Amino acid sequence: MNSVSAHFSLEEVTHSQTAARLGIDNDLPMELMQNVKKAALGMELVRLALNSNMCIVSSWYRCQELNAAVGSKNTSAHTTGFAIDFTCPTAGTPEQIVRALIKSSVPFQQVIYEFGTWVHISFNGEARQALVIDHLGTREFA
Ligand SMILES: [Zn+2]
């Protein structure tokens, strides 16, 4: 198993049910490996902040074709390997996790509570922006 950090594998970075279903090649280009490794170190800090050994990645790297297939905008940090969608059931609901991450010192660019179902986090900067995205649109997380 190729790993990108102590607890995350390359398989978790590139795996996508949508890519598998549509036959999209979602292999990681080597030039994005350093982005992925930076994001993986961020995820290691998320594990520590949440005191959890079970962060389940639902989407990490997405090539442009896959990103378009899931209806995401083409500037998404997923396309550069910097963003991760995840849940962490042992640490609470996605909303509780967003709250915990805001209180933590995890150096994220953006954390988003998405559709009441998962947490999106990105590490391409340290703006520490917190948002909600759902069927009503995008707004500050409050
Ligand atoms: Zn995302």
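## Helices on the sheet

Helix 5 (residues 94–103) lies across strand 2, strand 3, strand 4 and strand 5, and runs at about 165° to strand 3. Helices here (H or I, at least four residues) and strands (E, at least two) are DSSP runs, numbered from the N terminus. Axes are lines fitted to C-alpha atoms, for helices over the stretch in contact, with angles from 0 to 180 degrees between N-to-C directions; contact means heavy atoms within 4.5 Å.

A quick word on the model: it is predicted, so local features need pLDDT of at least 70 and side-chain atom pairs count only at pLDDT 80 or more, while totals for chains, interfaces and linings use all residues. Residues are numbered from 1 along each chain as its sequence is written, and side-chain values use heavy atoms, with hydrogens and water left out.

Six strands make up an open sheet with mixed pairing, in the order 1-2-4-3-5-6. Two strands pair if DSSP finds at least two bridges between them. Strand 1 and strand 6 (137–140) sit at the edges with a single partner strand each, so one side of each has no neighbour in the sheet. From one strand to the next, the twist averages 30°.

Strand 5 (residues 129–134) pairs with strand 6 in the antiparallel sense, over four bridges. Asp134 has Gly137 in strand 6 as its bridge partner. Helix 3 also packs on the sheet: it touches strand 2 and strand 4, and its direction makes about 30° with that of strand 2.

## The zinc site

Three residues hold the protein donors of the zinc ion: His78 (NE2), Asp85 (OD) and His120 (ND1), at 2.0 to 2.1 Å from it. Donors are N, O and S atoms within 2.8 Å of the metal (3.2 Å for Na, K and Ca); water is not among the atoms, so sites may look incomplete. Along the chain, the spacing of the donors is H-x6-D-x34-H. His78, in the loop between helix 4 (64–69) and strand 2 (83–87), and His120, in strand 4 (residues 118–122), are 42 residues apart.

His78 is buried, at 1% relative accessible area, and His120 is buried too, at 7%. Buried means under 20%, exposed over 50%, and partly exposed in between (1.4 Å probe, protein chains only).

## Two positive phi angles

Most residues other than glycine have a negative phi. Asn51, though not a glycine, has a positive phi of about 50°. Asn51 lies in the loop between helix 3 (33–50) and strand 1 (56–59) and is exposed at 71%. Phe115 has a positive phi near 55° and is partly exposed at 44%.
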